[in-house]
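Me: I would like to learn how to read a chain interface and a few side-chain features from a model. Can we take them one at a time?

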Amino acid sequence: MTAMLKLPRLTRQQDVLPVLPACWAVLRRDLLSSIRRRQELFNPLIFFVMVVALFPLGVSPEVAFLREAGAGILWVAALLSTLLSLDHLFRHDYEEGVLEQLLLQPQPLYLLVLTKVIAHWLVTGVPLIIMAPLLGVMVHLDGNSIKYLCLTLLLGTPVLSFIGAIGAALTLGLKSAGILLSLLIIPLYIPVLIFGTGTVMAANEGLAIGSYLALLGALLVLALTCAPFAAAAALRISVSNS
Amino acid sequence: MWQFFHKLGSPKWFYGIAARLMPWLLGFGVILLGGGLVWGLAFAPQDYLQGNSYRIIFIHVPSAFLAQSVYVMMAAAGVITLVWRMKLADVFVKAVAPVGAVLTFLALFTGAVWGKPTWGTWWIWDARLTSMLILLFLYFGVIALGNAIADEKSAARAVAVLTLVGVVNIPIIKYSVEWWNTLHQPATFKLTEKPSMPMEMWVPLLLSVLGLYLLFGWLALLRMQTEILHRERRARWVQERVSA
């Protein structure tokens, strides 16, 4: 009787899917490939600095105006430069066929997408945060504002990467992906922008900022938990499309 | 019940049922909306504070109401597309997205016209107004994405994902007047509570809202019929209908 029910026994390795090593491999690969594509790494950063520089030149170089609008300018510039970098979040993998391999992995796609977005944030979001104090000084923000600006960017830029990943996945493989991506994603970015700049302005006027930071944190948690699902679903659609 | 659900998968059956429903929707819609507007614009009493300028409410509130409902309906259809892969759900989304965009624009425009005499400004960056503007952008995004993807099935599923992501904005619009202390007045119109305005204003408003819903239903069915004819253009029943 028992001989008839001879099923292949699961070995220890097949028993537990090696999730963490897979995520680590994805992270390592993504970071390595972005370091080797140095130009793509620096382009959004240069764009960030140039957009900020446009405002004193285009609107007004007066200290009072810049101090008032500085946080908003930096936030808008950060948002635009994130948008610029999103297009190649999945594109290289898609063109090289790596993405299809990723979809076929036994590990949950949710975690792999999560890892890819974190890698994206590490190479685009973190440099923005590091650059922000320097630009903050250039637009005459005081020390306190710069501190809160960096804090909000720290909470907000991952949200930008996560929401953007959904748009990048949806527009993968389309001809005019860049402009369509902006059209889809900017509306979803607006809340982050509002609370991000709201925090700095409230701190400037000496108001309580706890609620703003809590809302930004809530957005971060929501994006962290939900956005990879949507992005993973969108990736499956885009890849099956091609 | 289940038979009905399964029949919904057949475009031909739906085309027929839509054709039978449409005259009723159109007729009652015109009567209700027309009645509500005539009553509201000509016979309802003046507002003690805003005089006659408040009368735009009979267009503003129904369009704003419907602009949000249409998005929620699209998101519901998105779930149906993703889970049951039902073609008609996608036909619905494709047919009503431009209608929703027009309604959102109408709500913003009538709001601006109303804002000028009451607030003294055409536009203000108030939470309700801003979130409605975002809704307009979301509609544009849905339409653009649907047009950009050539393959019908992929387009349907991609649009479904996008509508589901964007539906987060709806509660923000709904509660923006309560969460933020902004210029826009709180909701004037709730079905669940006793109305805060006199009956002579509330009843025509209710009639206009219901009338616009019915007219929307008529327009949605009409546009869905057109889309079905286009998609099923190779089917024999369509060719027979067109040549007849």
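Me: What area is buried between chain A and chain B, and what part of it do carbon and sulfur atoms give?

Reply: Bear in mind that this is a predicted model. About 1,600 Å² is buried between chain A and chain B, and carbon and sulfur atoms give 85% of that area. In terms of contacts, 16 residues of chain A meet 18 residues of chain B.

Me: How many salt bridges and polar contacts does the rule find across the interface of chain A and chain B?

Reply: For salt bridges the number is 0.

Me: Which elements give two or more residues to the side of chain A that touches chain B?

Reply: They are α8 (143–170), α9 (177–204) and α10 (210–241) of chain A. The largest share, 7 residues, comes from α9(A). Sorted by class, this side of chain A has 13 nonpolar residues, 3 polar ones and no charged ones.

Me: Next, aromatic pairs. How many are there over all chains?

Reply: The general idea is that a pair of aromatic rings is described by the distance of the centres and the angle of the planes. Over all chains, the count by this rule is 7 aromatic pairs. One of them joins A:Tyr110 and A:Phe229: the ring centres are 4.6 Å apart and the planes stand at 40 degrees, so the pair is tilted.

Me: Where in chain A do A:Tyr110 and A:Phe229 lie?

Reply: A:Tyr110 is in helix α7 (residues 109–138) and A:Phe229 is in helix α10, so the pair ties together parts that are 119 residues apart in sequence. A:Tyr110 is partly exposed at 22% relative accessibility, while A:Phe229 is exposed at 53%.

Me: What kind of aromatic pair do B:Phe105 and B:Phe109 form?

Reply: B:Phe105 and B:Phe109 are stacked, with 6.2 Å centre to centre and 15 degrees between the planes. Both residues belong to helix α4 (residues 87–119) of chain B and are 4 residues apart, about one turn of the helix.

Me: Last, is A:His120 buried or exposed?

Reply: A:His120, in helix α7 of chain A, has 6% relative accessibility; the cut-off for buried is under 20%, so A:His120 counts as buried. Leaving aside neighbours within four places in sequence, the contacts of A:His120 are A:Thr82, A:Ser85, A:Leu86, A:Leu89, A:Gly125 and A:Ser161.

Note on methods: Residues are numbered from 1 along each chain as its sequence is written. Chains are lettered from A and ligands numbered from 1 in the order in which they are written. This is a predicted model: local features need pLDDT of at least 70, side-chain atom pairs count only at pLDDT 80 or more; totals for chains, interfaces and linings use all residues. Side-chain values use heavy atoms; hydrogens and water are left out. Contact means heavy atoms within 4.5 Å. Buried area is the accessible area (1.4 Å probe) that two parts lose on being put together, summed over both. A salt bridge is a side-chain nitrogen of Lys or Arg within 4 Å of a carboxyl oxygen of Asp or Glu. Ala, Val, Leu, Ile, Met, Phe, Trp, Tyr, Cys and Pro count as nonpolar, Asp, Glu, Lys and Arg as charged, and the others, Gly among them, as polar. Rings of Phe, Tyr and Trp (its six-membered ring) pair if their centres lie within 6.5 Å; planes under 30 degrees apart count as stacked, over 60 as edge-to-face and the rest as tilted. Buried means under 20% relative accessible area, exposed over 50%, partly exposed in between (1.4 Å probe, protein chains only).
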